[in-house]
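Please look over the sequence and the structure shown here before reading on. The briefing then takes up a few places one at a time.

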Amino acid sequence: MPKDDLPVRLPEDVTFDQPGNPLDRHPTWKHVKCPHCGEAAVRETDTMDTFVDSSWYFARFASAPGAAPLSKEAVDHWLPVDQYIGGIEHAILHLLYSRFFTRALERTGRVSVTEPFAGLFTQGMIVHETYKDPNGKWLFPEEVEKRADGTAVKVGTEEPVTVGPPEKMSKSKKNVVPPEVVAETYGVDCARWFMLSDTPPERDSEWTEAGIEGAWRFTQRLWRLVGDAVELSDAGQARPEAFGAEANALRRASHKLAANVEDDIDRLRFNVAVARIHGFANVFAEAIGAARKAGDQPPADLAFALREAAEFLVAAIGPMIPHLAEELWVALGRDGLAAQSPWPAVDPALLVEDEIVLPIQINGKKRAELTISATASETDIEAATLALDGVVKALEGRAPRKIVIVPKRIVNVVV
């Protein structure tokens, strides 16, 4: 429209007696002359921003009545939504419109809540390098070959490629990775694992080939570890009366894994949960190695601990790589779906540390570490601290003026 003809005012004599856009049914408003050529033309009738259109869907989903837009009783029961998770582009307009609509619905007596969402979490974007050929044309990642010397060329040619910094994936700049290519090459579980493991979910994450390949290797390792545990243990194995040191150490690691990963997921710390699972895989592999040294039939206590550890591990990875988890669940001889099984029951006694490691500072500078019983008295900690070689050397024969012990945290020696 020419500037002089703005703003275009909407008609007030519209009707809402039938579904659809009322502007489409208006007899005159949409039929105009083209301001440029003078021929008959039709105005655009889709005048509502998509964010506005979707700003009360949560109230509809919470009730889904037959003919009415929403059910006040149902909305009042279910809302506010416990947790809203969305990209940064949703954190302003969509949130703003949703809050406005909810207040309007409350003012007109249609709902009782004034806030649609109890919690907001803004997730980061997936970013990727950008590529341009010598003519400035954007290239897809699969059109680019990276050389060992750090240069890049167009696939099948020697044309140099300009590599740009990582940016939000967009079709216009072609820095996208087709999901079907990732699924066919590595599997969707690997894609999920890599995206969750790379960075905290509130920060941007860069998609790299090395990262997805690392995720693929780790999923293969999980398959082997659980397979080894199945070989060395029996389903439904009776719990032994006592556990040796190796079995007890593995059980402690398994129960801590379940407790910590549950907490991490509740707090949306997915990358921390992934890191814990990586660490546990190392402990699990060491226990499997110890069991193999014992022969085809490891001790009953270690066999039980291996089977329990495998089940705890499958539960821990389930929310993040569900397809592999279900396959492993079947391999363990379990019925039903892993996703529908209760979270592992954690034994609180196995979460208690037998020993703790205390950093030792002398005049504010770390000089040593002390490994001691978690139940040691302050007198025992003080004596053990002064006997450490690093502390003896740092004191150079001088007596400490004061020793400050922060329980289970740190020991400060003041000289």
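This is a predicted model: local features need pLDDT of at least 70, side-chain atom pairs count only at pLDDT 80 or more; totals for chains, interfaces and linings use all residues.

Residues are numbered from 1 along each chain as its sequence is written, and side-chain values use heavy atoms, with hydrogens and water left out.

**Ser98**
- Ser98 belongs to helix α5, residues 93-107 (helices are DSSP runs of H or I with at least four residues, strands are runs of E with at least two, both numbered from the N terminus).
- With a relative accessible area of 0%, Ser98 is buried (buried is under 20%, exposed over 50% and partly exposed in between, with a 1.4 Å probe and protein chains only).
- Leaving aside neighbours within four places in sequence, Ser98 is in contact with Ser55, Phe58, Pro116 and Phe117, where contact means heavy atoms within 4.5 Å.

**Thr47**
- Thr47 sits in the loop between β2 (40-42) and α2 (50-53), and at 42% relative accessibility Thr47 is partly exposed.
- Not counting residues up to four places away in sequence, Thr47 touches Leu10 and Leu23.
- The C-alpha atoms of Thr47 and Val226 are separated by 56 Å, and the two residues are 179 residues apart along the chain.

**Helices α7 and α10**
- Two packed helices are described by the angle between their axes and the distance between the axes.
- Helix α7 (residues 188-198) and helix α10 (residues 270-293) pack at about 110°, with axes 7 Å apart (axes are lines fitted to C-alpha atoms, for helices over the stretch in contact, and angles run from 0 to 180 degrees between N-to-C directions).
- The contact involves Trp193, Leu196 and Ser197 of α7 together with Phe270, Asn271, Val274, Ile277 and His278 of α10.
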